[in-house]
Structure formats: C-alpha cells, structure tokens
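Here is a briefing on the structure shown below. It covers the ligand sites, the chain interface, the salt bridges and some backbone details.

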Amino acid sequence: MPVKPLERVNDFVVKFANVNGSGSASANRLFAMSILRMGVPVSPRNIFPSNIQGLPTWYEVRVSERGWLGARGGVDMMVAMNPQTWDKDVASIEPGGYLFYDSTKPMPTDKFRDDIVVIGVPLTEICNTRYSDPRQRQLFKNIIYLGALSALLEIEPKAIETLLREQYRSKDKLIAPNIEALHLGRDWALANLECPLGLRVRRADAVGDRIFLEGNSASALGAVYGGATVAAWYPITPSSSLAEAFQSHCRRLRVDPVTKKNRFAIVQAEDELASIGMVIGAGWNGARAFTATSGPGISLMQEFLGLAYFAEIPAVLFDVQRAGPSTGMPTRTQQCDVLACAYASHGDTKHVLLFPEDPRECFEMGAQAFDLADRLQTPVFVLLDLDIGMNERLCKPLAWDDAKRLDRGKVMTREQLEAGVTFGRYLDVDGDGIPFRTYPGTHPSKGSYFTRGTSRDRFARYTEEGPAYVDNMERLLRKHDTAKRLVPRPIERPGPAPTRLGAIFYGSTSPAMEEALEMLAAEGIALDTMRVRGFPFHDDVPAFIARHDRVFVVEQNRDGQLRALLTVECGIDPAKLAPILHYDGTPITARFIAAAIGKALRGWNVTPLRRVAS
Amino acid sequence: MTYLNKPVLHHPKLKANALGLTHRDYEGKVSTLCAGCGHDSISAAIIQACWNLSLEPHRIAKLSGIGCSSKTPDYFLGPAHGFNSVHGRMPSVLTGANLANRELIYLGVSGDGDSASIGLGQFAHSLRRGVNMLYIVENNGVYGLTKGQFSATADRGSASKRGVSNSDSPIDMVSLALQLGATFIARSFSGDKTQLVPLIEAAILHKGAAFIDCISPCIAFNNHPGSTKSFDYVRAHNEAVNTLDVMIGRETITADYAPGTTREIVQHDGSTLRLHKLADDYDPTDRTAAADYLQRRHAKGEVVTGLLYLDPAPRDLHAGLDTVETPLNRLGDAELIPGAKAIERINAALR
Ligand SMILES: Cc1ncc(C[n+]2csc(CCOP(=O)(O)OP(=O)(O)O)c2C)c(N)n1
Ligand code: SF4
Ligand SMILES: [Mg+2]
C-alpha cells in the first residue's frame, strides 16, 4: 500500500549494497565526505564478510545534523547495486523510503514494494555508451551513481569535485574523467528524474573543526606519540590496519632526517605467540613495544601474558575486538574480550584495560598506554573494537602538549647503582607496589638480575618458599591498587532530573548511549550515567553504583562481561546491575538501548516522570 | 637434585684477560643440575669463551626457554641480565630484546624439547630472520626436567632408560638450520671442550644468526646403552669435520689443534677463523653440499661435528629493517615524539 514518501533534511540513513571488490568503496567514501564538507555530520560504517572478492558488502551512512554518530538502525534509502542481496536489501527499507537501482535490465515487478519510492537509473547503459574499456565501465559506474545521488539528495557537486581534486592530487590526469563521470550521472538524473527527493542534505555548520578518521589509524598514531619503537604483529581482522597504519605513520614521522634510517622496528611475526614474545623481549630491554590483535590472538598469547604479569614487563596490546572465533563472525563488531583480557593467563592475574570511545581517545589512550605500561611494569590492553577501529568516525581534533614527557617509570640508572642505591628487582621501596627495574647492560657489576616468574624473592634470588611467594603476590595487588589511580578516570554525567537509576557503559557504545539518553528523557526517563574508561575500576565506580538503586550496564556481548567484572572486583550484588546486552555483530543502536531500558523499567513498574506529571 | 659446586676448571683460574677480568667474573650462581650433566660443561665452555674474548659480561644478555638446559643461564655470567622465559619461546623474546638494543650480545640457550618440539616454529623463524645471536641447543634427546620423555631429536630406534624404543623420525636441527638460512651453523659435544670453546667464540663474533647444536648427555635419563645421545655413543661416533682457531687481529686466541690442512675465513667483524680440515671432502661454505653430507653420515649413525656452515658476510635483522645505529631503547623524547605541530598537520589532512 502506498505510503507518503519520507521527508527528511540532514537526518537519514543511506545504505549502499555493493559487491566486494567492485571498486565502490572510494565512491561511497566520497559520498560521506561530501556531506561532511557541507557541514553536516555523518557516520559511515562498513559491513563486510570475511572474503576478498565477490561477496556482498555494505556501506551505511547515517546523516545527522544533530550529530548522532551511533548506528541508527533502519534504512531510508537503499542504493541496491548487488543483485545477490536484492531481496533482503529491498525488504530492509523503511516504509516511505527510497530504492535506488540500476534500471538497465528490467526487473520483474514483484521484486519491488509498493510502499517505497523506486528510482531507476540505467547506470550500465550510461556507462557502456560512454566507455568501452571494461575496467573504466566498472569504476566510473560508481562515480555515475554518486553523480545521480548528488542530484537526488541535493549534495553540492562542488564539494565532490573538490574532494576528487584532493584525492587525485598526485595523479591529476584522473581528475577530469572522474568529474566528467560525476556529471554524467548528475545530468541524467536532473533531466530524467524529479530532483530533489524528500531526503535532502542542506549546508549547515555542525561539523566544526572535528576530524574524520579510523580508530585503528588513531591508535597507531598514539603509539608513535607514546614512543613505541618496536611493533610485532600477526595479521588478523579487524586489527591488521592498526599495524599497517603504524608502519605508514612511522615512515612519515619516525625516520632519522640525516641518515634516513628508521627509528622503529616492525616485525610481522609467525604467529601471535611470537608477536607477544617479541613485545615482551623488547619491553624487558627498555624499548616501548606493542602488538595489535583480536580475540583469537589474545587466546594464543595467554601464557606469555602471565609471564609478563609476574615478571613485571611492560607491554601494550591493542585488541580490536570482533565477534567470536575465526570461523565466528570475524568481520563483525563486539565487546567480547573484556574478561579474556582482564584475567588473561594462568594463576592469579589481573590486567590493566583501557576503553577508548572513539578515534580521539584511541590516540590519547594509545599514547598513554605506554606510560602506564612502563610506570606499572605490566601489560596494558587498549580495547577498541571493529566499529571504531575500522570505520571513520567524526571526533574532536587530536591534541598534543609539547611540554609532556614520556614517563619511563622506575628505572634505576648506572649513576644510582654506582652511588650505591639498593637495588632489589621486586622490592617495594615506595609502598605503591612498583619496584625498580634496570635495563640489561646498565652497569658492569651492579643491578643485573635473572628474570623468571614468581620463584624468587624481593632481590630476584631463586626461591620456592611460600612466604616469599605470598609476599610477592600481595605486592602485585598493591600495584594493581595503584593502577586504579593511574588509569583514565570514569566520566559521570547527571541525568536530566534527579534519579535513583544509573547506567554504566564503555567504549564504542558511547554515541548510541548518548542518543538513547535523549530518547529516554523525552519519555520522561532520567538516568545518571558513568562511562568507564579503565580497569582496575577507579573508586568512583563503586561509589556511583552505591548512590543508585539500580544500574544498567550496557555492553556489546552476551554474558555481560563488564558487569561480571564489576560484581567480582567491586563486590557488588549482581541483582543491582541490570544487563543491557547487544551482541548480534552489528553495532549497538540508540533505539535498542532505549527500548531495552524502557522495557526493563516497565517490568520493574517504574513509572516515567512525565507520566506521573500528566 | 644435588647441589654441587660447578666442575673445577683446570685453567689457571685467576689469570686476567685483556679487561683484567678473571674466570670468577664470568661465573654465575652454583649450578643445581645433576652432577655430571652435559649442560654444566656447556656453561663452563661459555664462561671460557667469553673470558677468552675479553667480553664485558654485563654487555651480554642471556635468554632461555624452559628445561634443565634453560636454567643454565643463571649459572654463568652473573653480571649479565638473564631471562628464563616460557617453554619454546626464547627465540621471540630474544628477537624483541635484540630489536630494542642492537649493541648487546645475545645468547639464547635452549634444549631439544624447547627448540625441536614446542618451540620448533620460533626456532625456525628466528633463524630465517637473521637475528644477530648465538643460539645454543643443549641437545640430550630427552626432556630432562620432566623426567626423561623422548624429545623430537631422539633417533628412531634409540631406547629409553626403561627400554622403550623410539618409533618416530628424529628432527636434525642442523639440517633445519641449513635450510632456514642460518649463517653460522655448528655441532659439537659437551664432552669436547677443545672443539666447543672456539665454536662458541666464533659464533659470538658472527654478526648474524649463529646456531650450535651441542650434544649434551643427560646423566639422569639418557646415558644408557641403546641411547644415541649418551657419552659413550657420541664419543664412539663423533666425526669432527674440522677444528677451529679464532683469531682477532694478529693474536691467536686458541691453540691446541689437530693437524690437517687449514683454511682461513675472515668474518665481517674482522675476526679470522682458521679451520683445520679433518674431512677432506667437507666444504663449510657450501650450504647444499653440507646438507647432503650430514644426511649421508647420519644414515650411517655418525654424529658430524665441527663448523658445518659459515656465511662470513651475513645480513642481520636490523639491516633488513634498516634501523638506526642508536639502540631503539636509547632514543629520547625528541627523537620519538613528532610533537604538536605535526598533530596540527595531521588534523588538517583529516577534514
Ligand atoms: C607450556 C609448557 N608445557 C610443558 C612444560 C613442562 N616442561 C618443562 S621443561 C620441559 C621439557 C624440557 O626439555 P628440553 O628443552 O629438552 O630441556 P632439558 O631439560 O632436556 O635440558 C617440559 C615439557 C612447560 N614448562 N610449559
Ligand atoms: S635431568 Fe638430565 S638434563 Fe636435567 S640436570 Fe639432570 S642430567 Fe641434566
Ligand atoms: Mg632435552
């Protein structure tokens, strides 16, 4: 049944359904960038299978002048370029939404819906008339649909042209043909279709000085600024681009200007065991080192992580989380490694975790992780995920304070040893649980020690005596306590009205949560929130929970992993923490969070404020 | 386990080397291995070689995996930092350490279980990367520390202490090292210090991946008749293809060699290796011929020892990565942090 077509300005979702390897990525990115250049925030997301060529991929762009960057759910316009996924793609369009497709070959009428607006553009025909080279036909088809969309959605062609000029700055022969293709599509649409549609982009001023980048690249830049010199990694989606970005940042930023030699060493190891082994060897020897991996890699690193914990060796791990095992959903996002990282390895171990919310925090925490690892002499995990790692996200510009110095932690120098300062590798001289270490090769006769797990005393002398073991384990707990004060503090925000309800969330859930809070507020539901940014939990975290009757813990995994960590580590009654869990591999949405919280409250018979008032 | 003092060295112990250091300065803690364990003799040979070369003990980093053999770095070179890491993973830890500071000397000590079983992968990859190190496998054909199970280097048909025959094919670490591209490869015997000490010296001076497979009988679990890694078996079947003198500049460091034809090879660091041929048909600079020779002799039950392969001009991992001469762990903030201006430029490119 016909429905009124959607009318929305600067607030809609366009999804591109493509075939993997068809060269659509660059045209799709131009689409998102051109809207940004018109001052309207966008948040694009790649949805792709674990395959290189031939399988379907999607690129979803949420346009939101209000600045909502979380996934919204639902599609207002589908650019259906993949016959394979046609049925599902068409079915996913919101009633009153739009379907854009290549109408060169006629489609049977039962392949459409009557409650959407269908826009056919004979892309293949336009392309084949103009181009004879098959490769050109393929590539320019993408630019032609971009041109047609610019007419339909009122995207300024100038914005796209500028982007094309920037993109092909070093290959300027490509600029004119691309601009030509753009206008080929645009002119066809203007001549043959009713432009614009109900969905429209209107120039605004809502982007400001924000930047647009991927969390993986930002993390890698954080590693550069954090002074990392050694990187060892084994390819795994969605983390590979982090290691690759480190390589390209280093090539620009870390080459000795005189000798042209590298102030970094990157090794693609034979597996994750070797990656973390190299990181630990380098950390032991005083270089800042990291690895980038995902869940299956973390699993393989377990034994080494225990060694690093007990032998107290700095190491940084970027875990770009994804769903499940290698044959799980390796290209889908989740926050499913929280427990695996927090308690990684054998024996009584607990690790330091950081939870960046966006690329800017990936940069900040990426750099900070190295200071923390050196200060605490322990592995530090930066837990990002596919959603922020592999998608470009709008965020505040990166900032660096030139007055900042790298904190190398407690390293005893040759001079101190020479002056007769007592050195005990596992001696807690300051009461914070953190001992001094020495780098190998420091002094001819003082400060050397033999590194092993826990079968040693405060002076690193071999012993298997129980009291020495317990003494050491208690010091490690003191050190863990010190870490609470060093990891980034949680961020608290009061709800729109006084409330006994709270919500805790972390990492990439941020933008969806922010939007959900507004949706809930509109229903008269107020929640105080806390965004947790590190583990061990700062004292503010249990204090926040104590101040509320019920606290929702919103996360992207099945088992409520952060919630479990809160109950165990802060001694909290699980009944007080209500899990809100999203784990189907897609990014969490505001709609989901608001609905789940609303449903839970109805179940508890909590009446929204507004209804009380009316 | 008995807590015996390490075997007394017959050399004039308190003689000083070029640095004015005596043997004592190269020793470590008292060994806790079984009295007579081959591994202790290798420790003694390491001490001797480092003293001979007048190395500063604290400029050496000792790394090992897990096993009786991997415990030994605590028993030599006390002033050096040591790292008893995890089972089979010494090579990666050593690689990382080497990346952090290219100026130290890296000594990796491992066992046949550590390197041929659980750690075969890391053994292989560290050699093919050309990590500048001496990698010694103290090879006894068994897992000593877990009480005598066969390791992957045990010969097919050799018998365990309880009389069980090993039915699996052995891994020959030297043949693997040849294939993998190690640039210094030797085999020796813990019972032959005259052969072993100069091999360790030459391997330390070698600026690339140096590997020594050192047969090192396990007194407790693999020194009985029927074993091919016992003292008696190795003595009876040891076929040394050469002996070696290591010379730095004009000075002869080691004398006392058996007669034969000689050949001199200058290593990249300037040291000269004078090889005394014992087997006429053995050419230690021919990788494929060496591999062929070793297989033929092994089939006859011989244990070929000596300097088995040498590439005098190796390219190490740092050369491949083109890293700066300054050790990475000594680079300061100014060399590491691109600064606020660079961030501004990066931001500008991301809009
Ligand atoms: C992951 C792991 N698995 C098993 C062990 C138990 N383990 C300790 S030493 C060893 C074998 C050591 O054999 P080898 O390297 O030949 O040393 P040896 O004692 O013979 O010198 C084993 C299996 C361990 N430490 N770690
Ligand atoms: S068990 Fe064997 S390898 Fe271990 S110390 Fe005793 S003799 Fe040596
Ligand atoms: Mg062994």
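The shell around ligand 2 has 8 nonpolar, 3 polar and no charged residues. In this count Ala, Val, Leu, Ile, Met, Phe, Trp, Tyr, Cys and Pro are nonpolar, Asp, Glu, Lys and Arg are charged, and the others, Gly among them, are polar. The model is predicted: local features need pLDDT of at least 70, side-chain atom pairs count only at pLDDT 80 or more, and totals for chains, interfaces and linings use all residues. Residues are numbered from 1 along each chain as its sequence is written, chains are lettered from A and ligands numbered from 1 in the order in which they are written, and side-chain values use heavy atoms, with hydrogens and water left out.

**Ligand 2**

- The residues around ligand 2 include Cys34(B), Cys37(B), Cys68(B) and Cys218(B). A residue belongs to such a shell if one of its heavy atoms lies within 4 Å of the molecule.
- Also in this shell are Leu33(B), His39(B), Asn140(B), Gly144(B), Ile219(B), Ala220(B) and Phe221(B).

**Ligand 1**

- Ligand 1 is surrounded by 18 residues. Cys68(B), Ser69(B), Asp112(B), Gly113(B) and Asp114(B) are the closest.
- The site is shared between chains, because residues from chains A and B surround ligand 1.
- The shell of ligand 1 holds 6 nonpolar, 9 polar and 3 charged residues.
- Three elements of chain B each supply at least two shell residues: helix H2 (68-71), helix H4 (112-118) and strand S5 (142-143). Helices (H or I, at least four residues) and strands (E, at least two) are DSSP runs, numbered from the N terminus.
- H4(B) gives the largest share of this shell, with 4 residues.
- The side chain of Asp112(B) places an N or O atom 2.7 Å from an oxygen atom of ligand 1.
- A polar backbone atom of Gly113(B) is 2.7 Å from an oxygen atom of ligand 1. For Asp114(B), a backbone N or O atom lies 2.7 Å from a ligand 1 oxygen atom.
- On its own, ligand 1 has 590 Å² of accessible area, and the protein covers 77% of this. Accessible areas come from the Shrake-Rupley method with a 1.4 Å probe; for residues, only the protein chains shown count as cover.

**Interface of chains A and B**

- In chain A, 67 residues are in contact with 53 residues of chain B. Contact means heavy atoms within 4.5 Å.
- The two chains bury about 5100 Å² between them, 61% of it on carbon and sulfur atoms. Buried area is the accessible area (1.4 Å probe) that two parts lose on being put together, summed over both.
- The rule finds 3 salt bridges across this interface. A salt bridge is a side-chain nitrogen of Lys or Arg within 4 Å of a carboxyl oxygen of Asp or Glu.
- Asp74(B) pairs with Arg452(A) in a salt bridge, with the closest N and O atoms 3.0 Å apart.
- H9(A) gives the most to the side of chain A that touches chain B, with 8 residues.
- That side of chain A divides into 35 nonpolar, 16 polar and 16 charged residues.

**Salt bridges overall**

- Over all chains, the structure holds 52 salt bridges.
- Arg29(A) forms a salt bridge with Glu392(A), and the closest N and O atoms are 2.6 Å apart.
- This pair links distant parts of the chain, 363 residues apart: Arg29(A) is in helix H1 and Glu392(A) in strand S16 (residues 392-395) of chain A.

**Backbone details**

- A cis peptide bond joins Cys195(A) and Pro196(A), with omega about -5°.
- Another cis peptide bond joins Thr237(A) and Pro238(A), with omega about 5°.
- Ala460(A), a residue other than glycine, has a positive phi near 65°.

Definitions and conventions: Polar contact = N/O pair within 3.5 Å; in protein donor to acceptor, adjacent residues only side chain to side chain.
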